[in-house]
Amino acid sequence: MRWIWIDKFVEFTSKTSATALKNVTMAEDHLHDLYPAFPIVPHSLIVEGMAQTAESWLAKPATFRRK
């Protein structure tokens, strides 16, 4: 199963850097699982977002289109 965690690329510089955003609302269930009294995005999902950003940056630098 494949899912995309990031919502939008903000900045993309070929062979240098990439910045992506993930929009989060309080309605998302995973926020309340780690610490019920303190909603936070689990660390594994933060790492997943960084990995997906890096994957997109490395895989298709020549065909990247900013939306």
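Two strands pair if DSSP finds at least two bridges between them. Helices (H or I, at least four residues) and strands (E, at least two) are DSSP runs, numbered from the N terminus.

The model is predicted: local features need pLDDT of at least 70, side-chain atom pairs count only at pLDDT 80 or more, and totals for chains, interfaces and linings use all residues. Residues are numbered from 1 along each chain as its sequence is written, and side-chain values use heavy atoms, with hydrogens and water left out.

View 1. Read from the N terminus, the order of the elements is β-β-α. Of the 67 residues in the protein, 19% are buried; buried means under 20% relative accessible area, exposed means over 50%, and partly exposed lies in between (1.4 Å probe, protein chains only). The protein exposes about 5,300 Å², and 60% of this comes from carbon and sulfur atoms. Accessible areas come from the Shrake-Rupley method with a 1.4 Å probe, and for residues only the protein chains shown count as cover. A contact means heavy atoms within 4.5 Å. Among contacts between residues at least 6 apart in sequence, 47% join residues at least 24 apart.

**View 2. Strands E1 and E2 form a hairpin.** Strand E1 (residues 8-13) runs antiparallel to E2, and five bridges join the two. Phenylalanine 9 stands opposite alanine 20 in E2, and lysine 8 has leucine 21 of E2 as its bridge partner. Three residues lie between the strands, and lysine 15 in the turn has a positive phi of about 65 degrees.

**View 3. Serine 17 is found in strand E2.** Its relative accessibility is 27%, so serine 17 counts as partly exposed. Neighbours within four places in sequence left aside, serine 17 is in contact with Glu11, Phe12 and Trp57. The C-alpha atoms of serine 17 and leucine 58 are 9.8 Å apart in space, while the two residues are 41 apart in sequence.

**View 4. Lysine 22 and aspartate 7 form a salt bridge.** The structure holds one salt bridge, a term that stands for a side-chain nitrogen of Lys or Arg within 4 Å of a carboxyl oxygen of Asp or Glu. In the pair of lysine 22 and aspartate 7, the closest N and O atoms are 3.9 Å apart. Lysine 22 lies in the loop between E2 and H1 and aspartate 7 in the segment before E1, so the pair ties together parts that are 15 residues apart in sequence. Lysine 22 is partly exposed, with 28% relative accessibility. Aspartate 7 is also partly exposed, at 43%.

**View 5. Glutamate 28 is buried yet has no salt bridge.** This residue is found in the loop between E2 and H1. The nearest side chain of opposite charge is that of lysine 22, 4.4 Å away; Lys and Arg count as positive and Asp and Glu as negative, while His and the chain ends are not counted. Beyond neighbours within four places in sequence, glutamate 28 is in contact with Lys22 and Asn23.

**View 6. Proline 39 lies in the loop between E2 and H1.** With 32% relative accessibility, proline 39 counts as partly exposed. Apart from neighbours within four places in sequence, proline 39 is in contact with Met26, Leu31 and His32. Proline 39 and glutamate 28 are 11 residues apart along the chain, and their C-alpha atoms are separated by 9.8 Å.

**View 7. Leu34, Tyr35 and Phe38 form a nonpolar patch on the surface.** Together the three residues have about 310 Å² of accessible area. Patches are made of residues with over 30% relative accessible area and no salt bridge: like charges are joined within 9 Å, nonpolar side chains (Val, Leu, Ile, Met, Phe, Trp, Tyr) within 5 Å. Tyrosine 35 is found in the loop between strand E2 (17-21) and helix H1 (43-59). The relative accessible area of tyrosine 35 is 44%, so this residue is partly exposed.
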